[in-house]
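Have a look at the structure first, and then we can walk through it together.

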Amino acid sequence: MVRILVPERLRVLRTFTLALVLVASVGLRSARAQVFEFDGQVTPLAEALLEFSVASGWDVVYADRLVADRETRCRYVGSVATEALACLLRGTGLEARIAADRQVVLVPAGRTVRSRGTLAGYVRDRETGEVLPGAHVFLPDLRRGSVTSRAGYFAFPNLPAGSHRVQVTFIGYAPIDTLLGTAGAPVILRMGSVMVQARPVVIESSGTGRADLGLVPGLVAMPVQQLQQLPASLGGQDLIESLKWMPGVARAGEVTGGLVVRGAGSDQNLYLVDGAPVYHPWHAFSLVSSFQTETFRQIRLYRGAFPAEYGGRLSAVLDAELSDGRRPEPRAVASIGALSARFLIESPITERSSFMLSGRRSYIDRIIGSRHPVEDDSGRRDTLRTGYFFSDWSAKVVFRPDKDARVSASFYTGGDQLDLRLPFDLSLDLDAWLRPSDLLFEIDERWKNSLASIRFERLLAEEWFLTATTYDARYTAHEGAFVQPSLTAAVQSDYDVSIRDLGASVDIDWYRSLYHQLRGGVRVVRRSFESSVDATIGYAPGVVERLRQAGRSDDLELSTFGQSVWHPLRPLHVVSGLRLDWSQEGRYARLSPRLSVQYAIDSRLLVLQAAVSRNHQFLHRIRDRFSFLYDLVSSRWVPSGPDVSPAEGTQVSTGLESRPWNGVEVRVGAYARRSSGMLLPRDEFRAKDGLPGPGIEVGTLLSQYVSGDERSFGTEIGLTVDRGPWIGMVSYTASRTHNRSLVLDDPDWRPARFDVPHALDAFLRWRGSRFSFGASVQWRSGYPVTVPVARYDLGDPLSDGPSAYLYRPTINNGRLPAYFRADLDGSWSFHGLGAAWQVRLQLYNVLTRRNVIDRAYEPTEDGVGVKSRLGLPLIPLIEIRMEL
């Protein structure tokens, strides 16, 4: 007998163990043919019900107080279970109500009982109390499952009243297998992590869970504990850098550049932190991202197939949630690495509130200094500057008025600052740089992201859940320059650009039935765009050219969506949605239908998925392609309007997922995408080599681009193994990405800038009690490059000589050599001074292979010269981490 307590203190009599004893004693007979024998003697009712339950195989659910001190005197011999139970209850003042097949509930005679109910609850981390979005919740007896929401909530409405077996699985956590009842308030299920933070070692497998609850092909949902097992970047643990180990995801360059998802440009990705957008999530010229892994509790990356609640981009959505800071005890982490130092503090405030605070700052300016006084032999003095640093600050406060409500306030700010004042000496002679000079240049570059977000979550009823979010997100950039190449000429420029989002959203989840869940919501965003330039070009005394422009525009974007998650058959899940977006600037209204279908041939061995989605993007990122006085490093976003239409894209994707063994996961996917309304450079070979430039007005900048189309298709294969002390991952992508413009002279499809036909990434890590060792390799096809096919000279009788030109009729007709790199890393963990320590050593490019990451062609006297830009050499990196 298994005795289980459920919310109303009901006792459920489970029969499995005692049934085995009964089978052994009376032989193998079905419950229908079982003979019930009660001899009429006075027997405690609880004992008689137990005997009946064992003999019949029925579940008898009752409250302790109902059967306490009650006795039965039943004389019955027969094989009808209902008659036998009625005999046992005769004269006790109780009666039985059928709740489900072979399950009854005892109630006082004459009282009604609910025959249906809702099983609902929250899934949380046992140690920290933080909710676990994306956990798999499954009812094995009914073969129905669901995935917890962003608030960690799940609900199975309209179930037969009584107890049901519930299984909960989540990557990095020990699975739960228990019984829950439909009566009472939503329960809280606490999952224990199998990751030990003081010793970063996996002590046991967390189980593979089921493969049929992901619903959307291309979704990457991983807890932070597993992300921290992936190889680190040059800047340490980096959330976005970790995603490049997934099939179809890569960096646009060796270690710099944005995130390329399925061949699309980085401007087609949407980055969200607690519901607020981040427009430029990079530092150090895209060397490291703004997202530190430890500051987040959950991430979701949608590759192509978005749920209807997401919009505004064509390629991918990264939805990240900051840590709640909810822990039983305060926790502090500090580390120093090759590029920066960081800290993290998490702590409860009261039983119902907690906070998280983190910070990071690079320190190269503190080591070499940012100001350098110099003096020459004549006594003239000057102060040179070589200051650069980046920083991040994030904080979150969470308050829970009760277990069904949650209010959170999030804050993030981060940016870069470059301050240079150096002699204008192109020889790079260090001695010439360490003395005052009349010819010099100054650079003042600053770019910054900031956001504030408030989110309210409330369980309105067991079947209704509300989420409301409001945010203020900004991106600003300043580019200042002063160049004096001669005693009579000077150039001074100040350029500023910014975008600000004021937004709000309200979402409602309705768990309509066991087979149907609905979600709907509205979004409103007010965007403000500002830009200005003030440049002075002095060619000679009295010969000055001035460029002064400023612009501002506003746009209001409204969105509403509806989404349905429907389970018409046990192995079939259908997710359909429709999104409507409206933009005030161009009076554009666009419908974006979404459909995803999943069929589970076997819930673990083989799950098939397919999706088709239509997406629209009302923002375009552009840059001046003429002047080097502005638009050097900043991101300039402009809304769709009368001069430029929204970009549109359709993507079809399929996939299969299998988890054949514990700790082994195999994913295979294929996709095809077609986009239109993309902005392509009108002159692909135009270099920023001018001084004045045409200006920064939106119409002027848009004239440097033409509308184009893009297509992409590919196959992705991923294998993840997490067994015992070993964890490894292999991802392979075969894809092609092309673009074209019918406006240009060459309307044929051509390889896109980051077209990579083949890419293979793999890593393997062994984790011991104190030591950890890992190795990783990356191989991919080289990026496309335009190779000239001829060289010709043009001149006239009045010139000193002919000028050489390169003939490049086809764009991206060549390709760089294949890229290959291998890295090694190891860590040592120990305790000392009351803290847990970890020392980590990484060898970047351990084979010292200098990959060709770019190539330029220039005419020479003898023909065509080739200049190759090489990647980074072998770089040893060390990081020291302390946790209290």
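## Confidence along the chain

Across residues 195-208 the pLDDT stays under 50, and for this stretch the model has 42 contacts beyond four places in sequence. Keep in mind that this is a predicted model. The chain as a whole has a mean pLDDT of 84, with 90% of its residues reaching 70 or more. Residues 1-33 form another stretch with pLDDT below 50, and the model gives this stretch 62 contacts beyond near neighbours in sequence. Among the elements of the chain, the lowest mean pLDDT, 32, belongs to strand S1 (residues 2-5), while strand S23 (residues 276-277) has the highest, 95. Where pLDDT is low, the predicted coordinates are not to be read in detail.

How do the axes of helix H2 and helix H4 cross? The axes of H2 (residues 45-56) and H4 (residues 81-89) come within 11 Å and cross at roughly 175 degrees. With angles over 145 degrees counting as roughly antiparallel, that crossing makes H2 roughly antiparallel to H4. On the H2 side, the contact involves Leu45, Ala48, Leu49, Phe52 and Ser56, which meet Ala81, Ala84, Leu85, Leu88 and Leu89 in H4. By class, the residues of this contact between H2 and H4 are nine nonpolar, one polar and no charged.

Helix H4 also takes part in a covalent link. Searching the whole structure gives one disulfide. The disulfide joins Cys74 to Cys87, with an S to S distance of 1.8 Å. Cys74 sits in the loop between strand S6 (71-72) and strand S7 (75-78), and Cys87 is in helix H4, so the pair ties together parts that are 13 residues apart in sequence. About the S-S bond of Cys74 and Cys87 the torsion is about 120 degrees, so this disulfide is right-handed.

## Two open sheets

Next come two sheets. S11 (residues 136-139) pairs with S12 (residues 144-147) in the antiparallel sense over four bridges, and Val137 stands opposite Ser146 in S12. Strands S11 and S12 form a hairpin with four residues between them, and Arg143 in the turn has a positive phi of about 55 degrees. Further across the sheet, S14 (residues 163-169) and S15 pair in the antiparallel sense over six bridges; here the bridge partner of Val168 is Ile176 in S15.

The other open sheet has three strands in the order S13-S10-S16, and its pairing is mixed. S13 (153-160) and S16 (187-191) are the edge strands, each pairing on one side only. From one strand to the next, the twist averages 30 degrees. Which sense of pairing, parallel or antiparallel, links S10 and S16? Strand S10 (residues 116-125) and S16 pair in the parallel sense, over five bridges, and Asp125 has Met191 in S16 as its bridge partner.

## A run of hairpins

| Pair | Residues | Bridges |
|---|---|---|
| S36 and S37 | S36: residues 490-513 | 22 bridges, antiparallel |
| S37 and S38 | S37: residues 516-540; S38: residues 543-569 | 24 bridges, antiparallel |
| S38 and S39 | S39: residues 572-583 | Eleven bridges, antiparallel |

Each pairing can be followed through its turn and partners. A hairpin joins S36 to S37 through two residues, and the bridge partner of Asp509 is Arg519 in S37. S37 and S38 also form a hairpin with two residues between them, where Gly542 in the turn has a positive phi of about 90 degrees. Bridge partners in S38 include Glu545 for Ile537 and Trp566 for His516. The hairpin from S38 to S39 likewise runs through two residues, and Glu557 stands opposite Ser583 in S39.

Methods. Residues numbered from 1 in each chain as written. Predicted model: local features only at pLDDT ≥ 70, side-chain atom pairs only at ≥ 80, totals over all residues. Heavy atoms only, no water. Pairing = 2+ DSSP bridges. pLDDT = per-residue confidence, 0-100. Contact = heavy atoms within 4.5 Å. Axes fitted to C-alpha atoms, helices over the stretch in contact; angles between N-to-C directions. Parallel < 35°, antiparallel > 145°, perpendicular 65-115°, else oblique. Nonpolar A, V, L, I, M, F, W, Y, C, P; charged D, E, K, R; others polar. Disulfide = S-S within 2.5 Å.
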